[in-house]
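The report below takes up helix packing, the arrangement of a sheet and the confidence of the model.

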Amino acid sequence: FSIHVLLIVTVTMRSATATAWSENDATGEDVYPPLWYLAPENLLDYLVKDNKIVIDAWNYQERLGVYKNLLNSSAKYFTAFGSQNFGNILWGLPLQHGWQFRTGRLADPSSVTSCGREDGDLLCISVRSWWSCMNYYLSVIPFLGAVEAGLFGQLQYEIEILPPEERRTDFCYSVADCWSRIPELMDDWKAYFEVNNFTFFFIFSGSPATFSFKLDDALSLMWRAHVASIAYALPKFQDSLKYLSDPEANFGEDWASAVDFIAATHFRTDLPTTNNFQAFLPQRMLVEGDVLPFICDFSPQQNRVLVSMKALHRANQLTGGLLLKLWRKAMSTEAGRKMGRELIGNLASS
């Protein structure tokens with residue numbers, strides 16, 4: 001039964017990512033998100049005012065710094081996974097955010113303002129951007145969950161997140177505020193960042209099997225919170241899709257759907273794996289007139305990936321979500337998840 005589900009997803013996505021995946025290793029591009037070295041690496045690098053650390057999450061560099069602080073503070077738990085903190089499974093979040101910035105997806109899609117534009121405020125993150133609003137729940141909320149979990153120790157200042165100019169009620173801005181509005185989501189992220197849990201996950205007992213099992217536990221909690229963030233934000237910002245072209249809006253929803261399938265495998269989101277995985281994503285926003293699989297400035301592999309994601313999303317919709325349920329059932333054991341991860345990896349050589 002599980003094999004049949006794997007075959008369904010394989011047929012849907014097969015041949016999509018092969019060359020794009022391997023090409024990324026040969027480009028020599030910076031492995032870090034844009035402006036990574038300029039992002040605040042310590043919480044005290046942010047503005048401190050009225051006994052509060054004030055973070056402008058609508059500035060790319062400051063939001064990127066939230067990720068940098070999360071990675072720096074959790075680095076000690078990932079030393080066994082390679083040097084330079086490359087094995088930290090949080091890398092998927094800032095790398096995805098960097099791709100959004102690099103491809104113009106954080107800019108004002110309505111063009112009413114110059115927010116995020118090269119000829120305006122390039123570092124501005126627009127609240128009209130569907131991508132930026134979705135990302136808020138995968139940046140600020142994990143960060144505040146980590147604060148509550150004690151990842152940064154006992155802070156002498158409270159954390160305050162500045163609100164956007166519009167849609168202020170769609171976000172929360174402090175640990176207390178977020179706990180009052182989205183307690184379940186905060187609890188999911190807090191559970192991942194609990195220091196005691198980190199200590200449990202990454203104590204190496206000398207047994208490779210035990211070590212692998214504990215990493216799988218960490219990935220399980222991280223992906224559970226990740227998927228919960230998307231599930232909460234997706235209906236909230238559905239109306240923001242109106243600012244996007246139809247092809248881009250469809251791609252955004254297809255990508256959100258694909259994450260559900262990826263998450264079920266407990267896919268490892270360290271730096272090299274995530275960079276390889278993101279290589280097939282489009283290098284610009286889709287516009288009216290982009291017709292899959294014939295977008296001329298996209299590689300054949302990128303075109304096929306977008307077609308595959310659309311097909312997977314459509315198949316799941318047509319089955320009323322049954323395809324995802326069957327996939328999750330197939331991924332309910334470590335053996336199944338291993339097969340799922342191998343399936344994703346094997347796409348690179350198909």
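In this predicted model, Asn250, Phe251, Glu253, Asp254, Trp255, Ser257, Ala258 and Phe261 of helix α11 meet Leu306, Met309, Lys310, Leu312, His313 and Asn316 of helix α13, where contact means heavy atoms within 4.5 Å. Sorted by class, the residues of this contact are seven nonpolar, four polar and three charged; Ala, Val, Leu, Ile, Met, Phe, Trp, Tyr, Cys and Pro count as nonpolar, Asp, Glu, Lys and Arg as charged, and the others, Gly among them, as polar. Helices (H or I, at least four residues) and strands (E, at least two) are DSSP runs, numbered from the N terminus.

The geometry of two helix pairs is set out here, with axes as lines fitted to C-alpha atoms, for helices over the stretch in contact, and angles running from 0 to 180 degrees between N-to-C directions.

| Pair | Residues | Angle | Axes |
|---|---|---|---|
| α11 and α13 | 246-264 and 300-318 | about 70 degrees | 9 Å apart |
| α3 and α4 | 60-74 and 92-102 | roughly 165 degrees | within 10 Å |

The angle therefore makes α11 roughly perpendicular to α13, whereas α3 is roughly antiparallel to α4; angles under 35 degrees count as roughly parallel, over 145 as roughly antiparallel, 65 to 115 as roughly perpendicular and the rest as oblique. On the α3 side the contact is made by Tyr60, Arg63, Leu64, Tyr67 and Leu71, and on the α4 side by Leu93, Pro94, His97, Gly98 and Phe101, a set that divides into seven nonpolar, two polar and one charged.

Three strands form an open sheet of mixed pairing in the order β1-β2-β3, two strands being paired if DSSP finds at least two bridges between them. β1 (47-49) and β3 (158-161) stand at the edges with a single partner strand each, so one side of each has no neighbour in the sheet. Strand β2 (residues 52-55) pairs with β3 in the parallel sense over four bridges, and isoleucine 55 has isoleucine 161 of β3 as its bridge partner. Helix α6 (residues 140-149) packs on this sheet, where α6 touches β2 and β3 and its direction makes about 170 degrees with that of β3.

The mean pLDDT of the protein is 88, with 85% of its residues at 70 or more; pLDDT is the predictor's confidence in each residue, from 0 to 100. Over residues 14-28 the pLDDT is below 50, although this stretch has 32 contacts in the model beyond near neighbours in sequence. Where pLDDT is low, the predicted coordinates should not be read in detail.

Residues are numbered from 1 along each chain as its sequence is written, and side-chain values use heavy atoms, with hydrogens and water left out. Local features need pLDDT of at least 70 and side-chain atom pairs count only at pLDDT 80 or more, while totals for chains, interfaces and linings use all residues.
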